[in-house]
Amino acid sequence: MKRLFTVLSMISVLSGCVSLSTPELGRQWDGRFSLSVSGNGFNENQTGRFALTRDAAQTTILDLKSAIGTTVARIEQHAHYAQLQAVGVPAQKADDIHALMQSTLGFTVPVDGLEFWLDGQPIPGEPVRATPSTPPYRQLEQYGWQIQFLSYENNAPKRLRLSREASDGAPAISMTLVINSR
């Protein structure tokens, strides 16, 4: 996990960038993030930009960028494998996105559900506790995450907070996302 934070912390001193191709888009969300991870005797905070895409082949790609827009990490979920690329770290592959993030970062984030939450909806077919019980929601609880919709614009979430308490050696995570475009 410290490896990711070291990479993200080095953003300001990096002059190069990771050269990554942009997938053929099906859907895309762009915005800013603020991430706080705490546990195991440390507390880390990072900010930057994100781009989440879901292409025509149903591949999900999450790019994490510095405040000036340089891509510092890419997490990809394909039909049969997942891949993580980051500045200064060799690309890693695994059968499953959660196993990959756990082994390389020490924690997981909900890449596979994020697109639904960014649209203000629960992940279809998965257990959820919603407040209120019909949209627009103020809060969802799903996959051990609490998703708070802090503001809406044009009936779509503008600002949301995703949080998960620490458990089984996994740190507590809190992310605030501001969606600039969809």
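Colleague: Of the 182 residues of the protein, what percentage count as buried?

Modeller: A residue is termed buried under 20% relative accessible area, exposed over 50%, and partly exposed in between, with a 1.4 Å probe and protein chains only. Here 44% of the 182 residues count as buried. Please note that this is a predicted model, in which local features need pLDDT of at least 70, side-chain atom pairs count only at pLDDT 80 or more, and totals for chains, interfaces and linings use all residues. Residues are numbered from 1 along each chain as its sequence is written, and side-chain values use heavy atoms, with hydrogens and water left out.

Colleague: What pLDDT does the protein average?

Modeller: The pLDDT is the predictor's confidence in each residue, from 0 to 100. The protein averages 84, and 84% of the residues score at least 70. Over residues 4-19, however, the pLDDT is below 50.

Colleague: How many helices and strands does the protein have?

Modeller: Both are DSSP runs numbered from the N terminus: helices (H or I) have at least four residues, strands (E) at least two. This protein has 3 helices and 11 strands, in the sequence pattern α-β-β-β-β-β-β-α-α-β-β-β-β-β.

Colleague: In which strand is alanine 73, and why does alanine 73 count as buried?

Modeller: Alanine 73 lies in strand S4, residues 71-77. Alanine 73 counts as buried because its relative accessibility is 4%.

Colleague: Which residues is alanine 73 in contact with, leaving aside its neighbours within four places in sequence?

Modeller: A contact means heavy atoms within 4.5 Å. With those neighbours left aside, alanine 73 contacts Leu62, Asp63, Leu64, Gln85 and Ala86. The C-alpha atoms of alanine 73 and glycine 88 are separated by 9.8 Å.
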